[in-house]
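Me: Hi! Could you walk me through this model?

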Amino acid sequence: KRDAKIPTLSGGMKRRLTLARALVNDPDIVFLDEPTTGLDPQARHLIWQRLRELTAQGKTLLLTTHFMDEAERLCHRLAILDHGRMVAEDSPRALIAEHIEPQVVEVFGEGVTQWADEYAAQFSKRFEVSGETAFCYVDDAQPLLAHLQGHAELRYLYRPANLEDVFLKLTGREMRE
């Protein structure tokens, strides 16, 4: 690709070129703003691998991202900002342990709002309904999962809590301009 014109490169190639240009002088600190926005999964993972290699070499990366999975994978320490104000700072695991219940059951399907009004508080330490999904935050998901077996009209996703849950708890779920 050495003879290719930049406008002809794919988004992933442009991102890789940007990273290469940032590293050409072997800096000790690298500032990255949304480094994987618009990339396909293969390119995103390739960039993540290179960034992890840089930190293993002792480089400092200052990363801004809206992708919480990216922050959770790449950051040793992070800050969550809301309206320009820092609302939390620590390692990803520490933030999750401090701010959110360890397990999440996302319940969705026809009638989820009615189900949440009637049952969610019985099985959750905390729950939120957003659109057509009830997010149930629990210490032990087994009673809720057993209950959901009796509600064939509902579907659910059971997962560990993550940094996105923390971000949404601290900053809210409402749309921002």
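Reply: Happy to! This is a predicted model, where local features need pLDDT of at least 70, side-chain atom pairs count only at pLDDT 80 or more, and totals for chains, interfaces and linings use all residues. Residues are numbered from 1 along each chain as its sequence is written, and side-chain values use heavy atoms, with hydrogens and water left out.

Me: How many helices and strands are there in the protein?
Reply: The protein has 7 helices and 8 strands. These are DSSP runs numbered from the N terminus: helices are H or I with at least four residues, strands are E with at least two.

Me: And why is it called more spread out than a compact globule?
Reply: Its radius of gyration is 20 Å, well over the 16 Å from the globule rule for 177 residues, so the protein is more spread out than a compact globule. The radius is taken over C-alpha atoms, and the rule is 2.2 Å times the number of residues to the power 0.38. Along the principal axes, the C-alpha atoms fill a box of roughly 60 × 35 × 30 Å.

Me: What order do the strands take in the open sheet of 4?
Reply: The order is β6-β7-β5-β8, with antiparallel pairing (two strands pair if DSSP finds at least two bridges between them). β6 (126-130) and β8 (154-160) are the edge strands, each pairing on one side only.

Me: What about β5 and β7?
Reply: β5 (residues 103-109) and β7 (residues 133-138) are antiparallel over 6 bridges, and V104 stands opposite Y137 in β7.

Me: Switching to β3 and β4: what do they form?
Reply: They form a hairpin with 2 residues between them, and H83 in the turn has a positive phi of about 55°. The two strands run antiparallel, joined by 5 bridges, and D82 has R85 in β4 as its bridge partner.

Me: Now the largest pocket: how much space lies in it?
Reply: About 1200 Å³. On a 1 Å grid over the protein atoms alone, a pocket is an open set of points where a 1.4 Å probe fits, with protein on both sides within 12 Å along at least five of seven lines; lining residues have an atom within 4 Å of a point. Grid points are joined across faces, edges and corners, and the volume is the space filled by probe spheres set on them.

Me: Which residues are closest to its centre?
Reply: Of the 41 lining residues, T64, T65, M68, A71 and A79 are the closest.

Me: Which element gives the most to the lining?
Reply: That's α3, with 6 residues.
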